Structure formats: C-alpha cells, structure tokens
Amino acid sequence: MPKRTDISSILVIGAGPIIIGQACEFDYSGTQAIKALKEEGYRVILVNSNPATIMTDPEFADATYIEPITPEIVAKIIEKERPDAVLPTMGGQTALNCALSLNRDGVLEKFGVQMIGADAKAIDKAEDRQQFREAMDKIGLESARSGIAHSVDDAVKVLETTGLPAIIRPSFTLGGTGGGIAYNKAEFERIVREGLDASPTTEVLIEESLLGWKEYEMEVVRDKHDNCIIICSIENVDPMGVHTGDSITVAPALTLTDKEYQIMRTASLEVLREIGVETGGSNVQFAVNPKDGRLIVIEMNPRVSRSSALASKATGFPIARVAAKLAVGYTLDEITNEITGATPASFEPTIDYVVTKIPRFAFEKFKGAKVELATAMKSVGEVMAIGRNFQESMQKALRGLETGLDGFNRVTELEGVSRDVITAALSKRTPDRLLNVAQAFREGLSVEDIQPITGYDPWFLRQIEEIIAAEARVSDEGLPNDAAGLRKLKSMGFSDKRLATLAVRSVGVAGGMAETQARRSGLLHDALKVMAGATSEQEVRELRQKLGVRPVFKRIDSCAAEFEAITPYMYSTYEAPSFAQDNGGPECEADPSDRKKVVILGGGPNRIGQGIEFDYCCVNACF
C-alpha cells in the first residue's frame, strides 16, 4: 500500500522536560519519527519544550513550537497550523495524555485532526486499568486479582479481595509515579492517597502482590494489515517488586523455554489486537510465577516506550522510524531494514549476543533519601552493554556505569560478617543488590541459599557464581600464562584492571604489602610480577598482547549474520577459546576504511549534572 495522500501535515507531540521515567528515549524516538515523516514529504509541526533535545533544532521539523505541552497551548497551535493529523505515540505519557485531553475536549474534531499511530479508544483501553482488565478477560488472558478505586474508602473495600501486601498503580501516570507496595493498613492508605493525587483521572488500581515473580517484556510492532512481529523479548533480572525502569534487564529473555516464549509471543499479539493499536510499536509486560508457571499480563503501553529505545539498540531495528512510516499507511513488508539493506521490516530480528541494561541512580545527591527500590521509578539514567554471553555483557555494563566499579567489586561491609547480616542485605531491594549477591558467594552462601531471599532466577545466580569462582582461582593461582586461559577470563567480561587486582592477591603477602609493592618498581615488584603474572592494568594488557588475546568487533545486524550488514553498528567482545581454536582465531567484523577518521567520545549514562545535553552535542558533532 502506498503512503496516505489524504494528509499532508502532521503534528508531533514531544515529551517535554526530562523527568524520572521519561528521559532522552523519547528524544530518540521523536527525532526518528520526524526524519521518517519528512522523508515521505509530509510537513511536520513539532511542539516540545525541551531545549536540550536534538529534535527542537530548527532544521528538523518544518515548524517548531517551544511551548508547554498542555491541552490549552497545543489547541492554539492546532488552530494556527491546522495539521491534518497528530502523532501522539512518540512523546511518552505526556504526549498521550495531552492528545487524549484534546480529543475529549473536542479540539481534534473541531479542526478535523486525525490521531494516527493509535486512536483515543485504543489508548483509553490500554491506559484505563479497568478497561484493560476487561479486555484481557475477554481474550482469556489472566490479570492479577485487583480492583479500581477512586477514593480511600473504595480502596479499603478492594483490599478485602487482594489482601496485603498490595501493589498500588495510579492510572495515566509515568514511571509508576504515586504508586508503591503496601505491607500494612497505614502504609496502604498513605500510598492510595498519593496515587489518587498523582492520577489525572483520580484512579488507582490495587493489585494482589506478585512480589518475587519473574518479569518479562515483549516489544511488538503491528501494521494496518495485521502483520505483527516481535522485535525483542526482554527479561528483568530483578523479580517483580522493582519498577522495570529500575530493574537490571537482559535481551533476549534467557530463562524461558521455547514453549514458554511462544506462549508469551502469542499472548502479546493477542493483546495488541484486542486493545486495537492499528499501527506502530507497543510494549506488553508479563509476570510469571516461578513456582507453577502461572502467566499474568501486567500492562501494555500503546506507544513507543523506554524499552523501545533499548530494543531498537539491542536489535538494530529502528522501532520509532518504522512506527512513523506505518502510521502514514505503509505496511511492514514495504519498509526496508536499513541495517541490512536487503530485508524488509517484516523480518523478525534475531540476535546472537546478550544485551544488558543497568540503571544509574543518584541517591548520593539526596541525603536522607530511602535507598530502596519499589514500583515507583527512581533511576536517572541507564547504561547498555553487549557481549557474546551474559557474563561478558553484565561485567561490561557494571564498568559502564562510571561509578568506580571494574566488575563485581568486593562489598567490604559484608566481608567476614554473620550470615544474618548478609541475609538482611540480600533481602533489601537496593541498587547494589547484585554486588551483594556476588559478595554472598564469596562468603560461602550457595545458589540455594540466595535464591529464596532475592527471587533471582537460579540461572542468573549460577552465572554470577561462576564469575566469583573464576575470581577465586586468579586470587589463588595468579593469571594463567597461556592464551586459552586468559581468553576464557576475558570472554567472561573481566577487565584488565580487575584481573590485576585479583592477581596481586594471589601472592599472599600479608598486610596489604603486595598491593603497595605492585604500584612500585624494583626487585620486589619484579618478583611479585613473576608470581602473579601481572601487577597492574598495564601489565595485564601487555601480557594479553604478548599472548595474542585481543578483542574483536562484531556487527549488530538484526539477523544473526544471515545477511550482510551495511551499517557499521558494533560492539567489542572476546570470543570463547573453543571458537578461536576451531576457526583459526576470532573474526573481527569492523572492516575499517582508509579514510581519515575522528573519534567522538560520548557522555555515558545520564546522571544528575550530565544528561541529554551531551547527547545533543555529540549528535550535532556527528552531523
């Protein structure tokens, strides 16, 4: 089908200022959408009040309004510009809520403006907790036992059905704002009041507790001919009870059987069809009881979400760009995958690597703040890392946080303490919980000890246990002196700095003397180097170079190398020893040209004091 010719101008509603739960992911999606729509010859009008986003640069949209994203202001822009359509699915919850208000107030009908991407009925059905529950019942998918409340008295009545602990989720809010987990009656009433205040419709959903259940997300795209594809499955390492934006997540999902994945895949498509999102990307969230496999649909976002940006980067599939094209009439088979240049967008992406996302927090900026995670999002940024396996990806992500970690660093507060102290630390949902898990293994706890306390899947725990076991071998024996042994450590994600720290401990000199002498030169340092294999990051690097253990770069191609990738989008990795031995060494796919080059260093994960402004600078430098 060709693009729509009955519309010529489109209003794109942005996400406004960066807030917790709505960050530069929507700058990313909005910018992609604007570029895609302009490619098709449409006049694009943008309203966004964020000065630090690339999309508000004058050359992007045909008309840019730096104005508050409120129904009153946007109505005036519509009256002046008279767009044929409005695209509200690229600006997060802010854009959706604004578009719904404009529709309810009759502004869109008055000026003949269509909603594209998702209509008001579909948005209401997905965002209104009661309508969504009824929709899931209709297609035979289970929801958590729950009830809707518009007052504290209503909520207390619902509590008789759900019991405590209970999860409170306000309707039409962002990042779980106003929600939480209540463990007693007083806490329940307080969170309900906050949730009712936060919800623009004065509505909260009270759910039975799913704490400890496994959580998954499916990124789905649909076109107007009902062609549906799964872009990416995402698994939360943290169990239910932590907002997905604050959870460590991995893609693809790693602990599902194929049968479980197919059930979840089918359910995702059924949800999309029932809610009625005709075109574009959506995000469906599930919870699975690890004890009996009971599957629950948590919620669905009928728009591009935070996870959409992660899924796009993880697979190479530009969800926002494709969603914008679908919104103006194209079908998936008519859109070319820009990564391969040979396959249509209707090909489901396949990946042969593991992507890890770890959130970045800033509790140190807020003295006295409770350093504990729940269903309201608190992270201010996130880092993504890619490796050929979970261990490599996870350790790269820990280093990428730029918080001083070089891997699973020791937690000195838990060294040599009682089992009760370790158990207490593991039971708290804190940003450092995974480091506490690693320290618990060092202190002698087993997977069977840790799993019931944390709710982490045993598979993830065993992966961390293997990392700690490898650390112990280096701490006991020093670095291996052969390429296969060193490559094995590097393929598990160990940094040179981390290996040097561990190797020095193998010497066994008391009182920290080994660490002191390792930083010096002379006969004692040389003796330590011989015994440990290396005593500094630089010396580990020199040993690697000598043994020929170097990283290679692999391409993200969206098809697991089935087709050649023409877009140089890459990640570094150390192949496992068996691959190197069987194939004459690991293959590097970088294929650099002979042209003169400039390296641009980015700003890393968003944090307080260093946010989207540096993304803006880097993008402009590239352009």
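User: Which residue does Arg222 form a salt bridge with?

Analyst: Asp226 is its partner, with the closest N and O atoms 2.9 Å apart. A salt bridge here is a side-chain nitrogen of Lys or Arg within 4 Å of a carboxyl oxygen of Asp or Glu.

User: Where do these numbers come from, a predicted model or something else?

Analyst: This is a predicted model; local features need pLDDT of at least 70, side-chain atom pairs count only at pLDDT 80 or more, and totals for chains, interfaces and linings use all residues. Residues are numbered from 1 along each chain as its sequence is written, and side-chain values use heavy atoms, with hydrogens and water left out.

User: Back to Arg222. Buried or exposed?

Analyst: Arg222 is buried, at 13% relative accessible area. Asp226 is partly exposed, at 30%. The cut-offs: buried is under 20%, exposed is over 50%, and partly exposed is in between (1.4 Å probe, protein chains only).

User: Which residues do salt bridges with shared partners join into one network?

Analyst: Glu39, Glu40, Arg321 and Lys325.

User: How far apart are the closest N and O atoms of Glu39 and Lys325?

Analyst: They are 2.9 Å apart, in a salt bridge. Glu39 is in helix 1 (residues 25-39) and Lys325 in helix 11 (residues 319-327), so the pair ties together parts 286 residues apart in sequence. Helices (H or I, at least four residues) and strands (E, at least two) are DSSP runs, numbered from the N terminus. Glu39 is partly exposed at 46%, while Lys325 is buried at 6%.

User: What does Glu208 pair with?

Analyst: Arg294, in a salt bridge at 3.2 Å, N to O. Glu208 sits in strand 9 (residues 204-208) and Arg294 in the loop between strand 13 (280-288) and strand 14 (295-301), so this pair ties together parts 86 residues apart in sequence. Glu208 is buried at 6%. Arg294 is partly exposed at 21%.

User: How many salt bridges does the structure hold?

Analyst: 28.

User: New topic. What are the domains?

Analyst: Domain 1 is 9-116, domain 2 is 146-208, domain 3 is 215-351, domain 4 is 408-464 and domain 5 is 478-567. The bounds come from an automatic or database domain assignment.

User: How much area is buried between domain 3 and domain 4?

Analyst: About 770 Å², with 75% of it from carbon and sulfur atoms. That is the accessible area (1.4 Å probe) the two parts lose on being put together, summed over both. Val237, Pro239 and Thr255 supply 50% of what domain 3 buries against domain 4, more than any other three residues.

User: How many salt bridges between domain 3 and domain 4?

Analyst: The count is 0.

User: What about phi at Glu402?

Analyst: Phi is positive there, about 60°, although Glu402 is not a glycine. Most residues other than glycine have a negative phi. Glu402 lies in the loop between helix 12 (390-400) and helix 13 (419-427), and is partly exposed at 43%.

User: And Asp591, what is its phi?

Analyst: Also positive, about 50°. Asp591 is in the loop between helix 22 (577-582) and helix 23 (612-622). Asp591 is exposed, at 63%.
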